[in-house]
Amino acid sequence: MIHKLVFTATLFMPLAAVAQELPSAPYLPLELAAKAADAALKACAAQGHNVSVSIVARDGSTKVLLKADNSGPHTGTSAQGKAFSSAALGRDTAGLAEFI
């Protein structure tokens, strides 16, 4: 019985070590991304700006895109491009102008 237990533990021990080494990265769940985009859109609207807000995942794919009423036709694409550039360069959007 003890031999079987030791053999089983020895067999699965490398799997446990590999599982601990897997990379993990923080991510933004869709629900929080939608709340953040809505808050940004409302903050801009309160200042009289009709904008579009885009939030992308770490890989640059769009998670949320909100376009305000009366916003220009270019704002959706601009918001997505800015968010993508921010993710690709690993910088916040406020720092993009300084970087470029």
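# Reading burial, pairing and contact in a predicted model

Mentor: The protein chain holds four helices and two strands. The model is predicted. Along the sequence the elements follow the pattern α-α-β-β-α-α.

Trainee: What makes β1 and β2 a pair of strands?

Mentor: Pairing needs at least two bridges. Five bridges join β1, residues 52-56, to β2, residues 62-67. So the two strands meet the cut-off of at least two bridges. They run antiparallel.

Trainee: Which residues stand opposite each other in the two strands?

Mentor: I55 stands opposite V64 in β2. V53 has L66 of β2 as its bridge partner.

Trainee: What about the hairpin: how many residues lie between the strands of β1 and β2?

Mentor: Five residues lie between them. In this hairpin, G60 takes a positive phi near 95°.

Trainee: Why is β1 called largely enclosed?

Mentor: Five of the five residues of β1 are buried, so the strand is largely enclosed by the rest of the structure.

Trainee: Which residues of β1 lie on each side?

Mentor: S52, S54 and V56 are on one side, and V53 and I55 are on the other. All of them are buried, and both faces of β1 are covered. In a regular strand the side chains alternate between the two faces of the sheet.

Trainee: Take S54 in strand β1. Why does S54 count as buried?

Mentor: Buried means under 20% relative accessible area. S54 has 12% relative accessibility, so S54 counts as buried.

Trainee: What does S54 touch beyond four places in sequence?

Mentor: S54 touches T62, V64, L65, A79, Q80 and A83.

Trainee: And S71, in the loop between β2 and α3. How do you know whether S71 is buried or exposed?

Mentor: Use the cut-off of under 20% again. The relative accessible area of S71 is 11%, so S71 is buried. Beyond its neighbours within four places in sequence, S71 is in contact with N50, V51 and S52.

Trainee: What makes the link between the side chains of S71 and K67 a polar contact?

Mentor: The distance limit is 3.5 Å for a pair of N or O atoms. The contact between the S71 and K67 side chains is 2.8 Å. That value is within the limit.

Trainee: Why is F99 called partly exposed?

Mentor: Partly exposed lies between the buried limit of 20% and the exposed limit of 50%. F99 has a relative accessible area of 44%, so F99 is partly exposed. F99 lies in helix α4, residues 93-99. Its contacts, leaving aside neighbours within four places in sequence, are L89 and R91. The C-alpha atoms of F99 and L89 are 9.6 Å apart, and these residues are 10 apart in sequence.

Trainee: Which residues make up the largest nonpolar core?

Mentor: There are seven: A33, A37, L41, V53, I55, V64 and A68. α2 gives the most, with three residues. In soluble globular proteins, nonpolar side chains tend to be buried together.

Trainee: Now the whole chain. What share of its residues is buried?

Mentor: Buried residues make up 19% of the 100 residues. The accessible surface comes to about 7,700 Å². Carbon and sulfur atoms hold 64% of that surface.

Conventions
Residues are numbered from 1 along each chain as its sequence is written. This is a predicted model: local features need pLDDT of at least 70, side-chain atom pairs count only at pLDDT 80 or more; totals for chains, interfaces and linings use all residues. Side-chain values use heavy atoms; hydrogens and water are left out. A nonpolar core is a set of buried Ala, Val, Leu, Ile, Met, Phe, Trp, Tyr and Cys residues joined through side-chain atoms within 4.5 Å. Buried means under 20% relative accessible area, exposed over 50%, partly exposed in between (1.4 Å probe, protein chains only). Contact means heavy atoms within 4.5 Å. A polar contact is a pair of N or O atoms within 3.5 Å; within protein, one must be able to donate a hydrogen and the other to accept it, and residues adjacent in sequence count only if both atoms are side-chain atoms. Accessible areas come from the Shrake-Rupley method with a 1.4 Å probe; for residues, only the protein chains shown count as cover.
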